[in-house]
Amino acid sequence: MDSLFGDRDVLVIDGGLATRLEHHGCDLSDELWSARLLRDDPGLIRRVHREFFEAGADIAVSASYQASTAAFERRGVPRAEAEGLLRLSVRLAEQARDEAGGGLVAASVGPYGAALADGSEYTGDYGLGAGELADWHRDRWHLLAGSGADLLACETIPSCAEARALAELVRETPGVRAWVSFSGRDAGHISDGTPIAEAAAVFAGLPQVVAVGVNCTAPEYVPGLVRGAVRGSGLPAVAYPNSGESWDAERREWNGRGAPEEFGPRAEEWVRAGARLVGGCCRTGPEHIRRIRERIA
């Protein structure tokens with residue numbers, strides 16, 4: 001299998017898709033989140049992907065994070081149409097990539113908790129074992145594995161059980177590349193409390209896994225999490241945290257600083273710790289990605 005990186009030391013991932021859609025006026029207070037727009041406004045999703053490419057991203061992550069056939073069916077979307085919308089998420093990123101002049105597309109595989117839309121992707125408290133989680137993921141996994149994306153992005157994984165489930169699916173698709181990024185509770189542990197080195201070790205020895213790391217986490221935790229992921233997996237790391245702001249659930253608002261100019265120097269620190277895929281997650285926009293590109297280039 002050819003290297004994802006080619007002759008590049010580091011590749012830049014895009015920023016927060018939902019954040020940018022909200023910037024354009026979208027109300028995403030819906031269990032489908034940004035995936036709702038696959039049906040309602042696919043052109044806007046393509047536009048946002050292009051904005052991130054134009055800011056310097058090498059990789060667009062598709063709008064399939066919170067999408068599942070079950071979630072669409074709960075909204076009255078027939079299964080065949082739901083499967084078509086999942087494929088469309090990849091096609092929109094590919095169209096933006098072509099319009100921008102090149103890049104890669106990663107099909108987003110969100111955790112089980114994202115489909116529940118109850119915040120459990122930040123705890124991993126599902127009450128399900130690895131086999132049950134693999135069964136839940138399997139149909140969507142194989143659909144996205146056959147979508148034409150350059151790789152799968154397993155994102156915001158909160159638990160070791162879900163990591164084992166995804167490793168099982170990786171073994172079922174030996175010709176498909178993937179990265180795996182956990183959500184972190186501090187500088188050394190994923191959200192369910194497992195040391196990240198232990199969780200990352202689940203993917204050691206799987207040749208199509210190109211990186212293991214962290215996303216949707218406070219930036220200050222990233223260097224420690226990256227070092228632990230590299231130590232456990234023996235692989236390069238992926239790192240794309242939130243902006244640095246914190247969510248106040250009671251007031252339903254973001255607080256703190258998430259200044260784009262801070263993201264470039266921080267990305268250099270993540271690279272020094274062992275990351276070869278870097279970008280942004282919630283509350284990051286094209287300017288954050290531009291600052292990373294300026295420093296990484």
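Good morning. I begin with two strands: β2 is joined to β3, residues 104-109, by 3 bridges, and the two run parallel. Helices (H or I, at least four residues) and strands (E, at least two) are DSSP runs, numbered from the N terminus. Two strands count as paired if DSSP finds at least two bridges between them.

A word on the source. This is a predicted model, in which local features need pLDDT of at least 70 and side-chain atom pairs count only at pLDDT 80 or more, while totals for chains, interfaces and linings use all residues. Residues are numbered from 1 along each chain as its sequence is written, and side-chain values use heavy atoms, with hydrogens and water left out.

Let us return to the pairing. Opposite Leu 104 in β3 stands Ile 59, and opposite Ala 106 in β3 stands Val 61. β3 also pairs with β4 in the parallel sense, over 4 bridges; there, Ser 108 faces Ala 153 in β4.

What is the order of the strands in the open sheet? The 8 strands follow the order β1-β10-β7-β6-β5-β4-β3-β2, with parallel pairing. β1 (11-12) and β2 (59-61) stand at the edges with a single partner strand each, so one side of each has no neighbour in the sheet.

Is β3 mostly covered or uncovered? It is mostly covered, as 6 of its 6 residues are buried, where buried means under 20% relative accessible area, exposed means over 50%, and partly exposed lies in between (1.4 Å probe, protein chains only). In a regular strand the side chains alternate between the two faces of the sheet. In β3, Leu 104, Ala 106 and Ser 108 point one way, and Val 105, Ala 107 and Val 109 point the other way.

I turn now to helix α8, residues 160-172. Buried residues in α8 include Cys 160, Ala 163 and Leu 166. What covers the buried residues of α8 includes α7 (130-145), β4 (151-157) and β5 (178-182), with contact meaning heavy atoms within 4.5 Å.

Finally, Asp 41 lies in the loop between α2 (37-40) and α3 (42-54). Asp 41 is partly exposed, with a relative accessible area of 33%.
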